Amino acid sequence: MKLFKNCLFAGLTALALLGAANVGTAQETDQVGRAPYLETLKGKKVIFVPISQGMDLNQAWVMVWQRHAARYGFSLEVRDPNGDTNAGIRAMQGAIAEKPDLIIVQNPDVQTYARLLKQAQAAGIKVLQVNMQSATQTDSYVGNDWIEMGRLEMGELAKHCTGPNAVSHKVVGLPACRRAPPTSTCEPASTRC
């Protein structure tokens, strides 16, 4: 009987300690500053100006952002210019006039929205550029490191074109399709040795 009481006491003690450890672990999993950060998202307005919502990637981004908007209490609006840069400029002008908390922009090139991005920031609007960075630096950029990507691609091209079985052992830097007639198909410069 004494052995039974000792085992029961030891089991209850272990169970109590395990429960206390679980409570401590649950409290420790909350990231420092997460709650105040999430609270600041409530009621914020976000406008996304893509190149076109006809692309799968953009549709996936918006789907995830909409879930986050519903979960964290901010609003997300999409201003789809459908690949038309003039419509994109008008979408950006309209977004700046509305003064959202954040504009997410997918630049069609490095220059088209440059002046508008400056205007947005001057108006106190945070700007996040995705996929391609404009000539204008904004608050944030999420996308590829195009300089490193070009360096890596040219390194692989040089290995291919100057290898022992290469035809000419030369790399020709041609601007891809710059002078090609509109009806011709042109070969990407990266495949020419």
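Trainee: Is Glu98 buried, partly exposed or exposed?
Mentor: The structure is a predicted model. Buried requires under 20% relative accessible area and exposed requires over 50%. The relative accessible area of Glu98 is 36%, so this residue is partly exposed.

Trainee: Which residue meets the side chain of Glu98 in a salt bridge?
Mentor: The salt bridge has an N to O distance of 2.9 Å, and its partners are Glu98 and Arg79. The pair links distant parts of the chain, 19 residues apart, with Glu98 in helix α4 (85–98) and the partner in the loop between β2 and α4. The partner of Glu98 is therefore, by the salt-bridge criterion of a nitrogen within 4 Å of a carboxyl oxygen, the residue Arg79.

Trainee: Is Arg79 buried or exposed?
Mentor: The cut-off for a buried residue is under 20% relative accessible area. Arg79 has 18% relative accessibility, so Arg79 counts as buried.

Trainee: Which residue forms a salt bridge with Lys45?
Mentor: In this pair, the closest N and O atoms are 3.7 Å apart, and the partner of Lys45 is Glu77. The two residues link distant parts of the chain, 32 residues apart: Lys45 belongs to strand β1 (residues 45–49), and its partner in strand β2 is Glu77.

Trainee: What is the relative accessible area of Glu77?
Mentor: The salt-bridge partner of Glu77 is Lys45, which counts as partly exposed at 22% relative accessibility. Glu77 is also partly exposed, because its relative accessible area is 28%.

Trainee: What distance separates the C-alpha atoms of Val78 and Ile103?
Mentor: Along the chain, Val78 and Ile103 are 25 residues apart. Their C-alpha atoms are separated by 10.0 Å.

Trainee: Which residues lining the largest pocket are the closest to its centre?
Mentor: The largest pocket holds about 390 Å³ of space. Its lining consists of 16 residues, and the closest to the centre are Tyr37, Leu41, Val46, Phe74 and Leu102.

Trainee: Which elements give two or more residues to the lining of the largest pocket?
Mentor: The volume of the largest pocket is about 390 Å³. The elements that contribute two or more residues to its lining are α2 (34–41), α3 (56–72), β3 (102–105) and β4 (126–130).

Trainee: How many residues in the lining of the largest pocket are charged?
Mentor: By class, the lining has twelve nonpolar residues and one polar residue. The number of charged residues in the lining is three.

Trainee: What is the phi of Lys99?
Mentor: Most residues other than glycine have a negative phi. Lys99 is in the loop between α4 and β3, and its relative accessible area of 52% is over the 50% cut-off, so Lys99 is exposed. The phi of Lys99 is positive, near 55 degrees.

Trainee: What is the phi of Asn131?
Mentor: Asn131 is placed in the loop between β4 and β5 (140–142). Asn131 is partly exposed, with a relative accessible area of 31%. Its phi is again a positive value in a residue other than glycine, near 80 degrees.

Trainee: What pattern does the chain follow along the sequence?
Mentor: The secondary structure comes to six helices and five strands. Read along the sequence, these follow the pattern α-α-β-α-β-α-β-α-β-β-α.

Methods: Residues numbered from 1 in each chain as written. Predicted model: local features only at pLDDT ≥ 70, side-chain atom pairs only at ≥ 80, totals over all residues. Heavy atoms only, no water. Helix = DSSP H or I, 4+ residues; strand = E, 2+ residues; numbered from the N terminus. Buried < 20%, exposed > 50% of the residue type's maximum accessible area, 1.4 Å probe, protein only. 1 Å grid on protein atoms, 1.4 Å probe; cavity = no way out; pocket = protein on both sides within 12 Å on 5 of 7 lines; lining within 4 Å. Points joined across faces, edges and corners; volume = space filled by probe spheres on them. Nonpolar A, V, L, I, M, F, W, Y, C, P; charged D, E, K, R; others polar.
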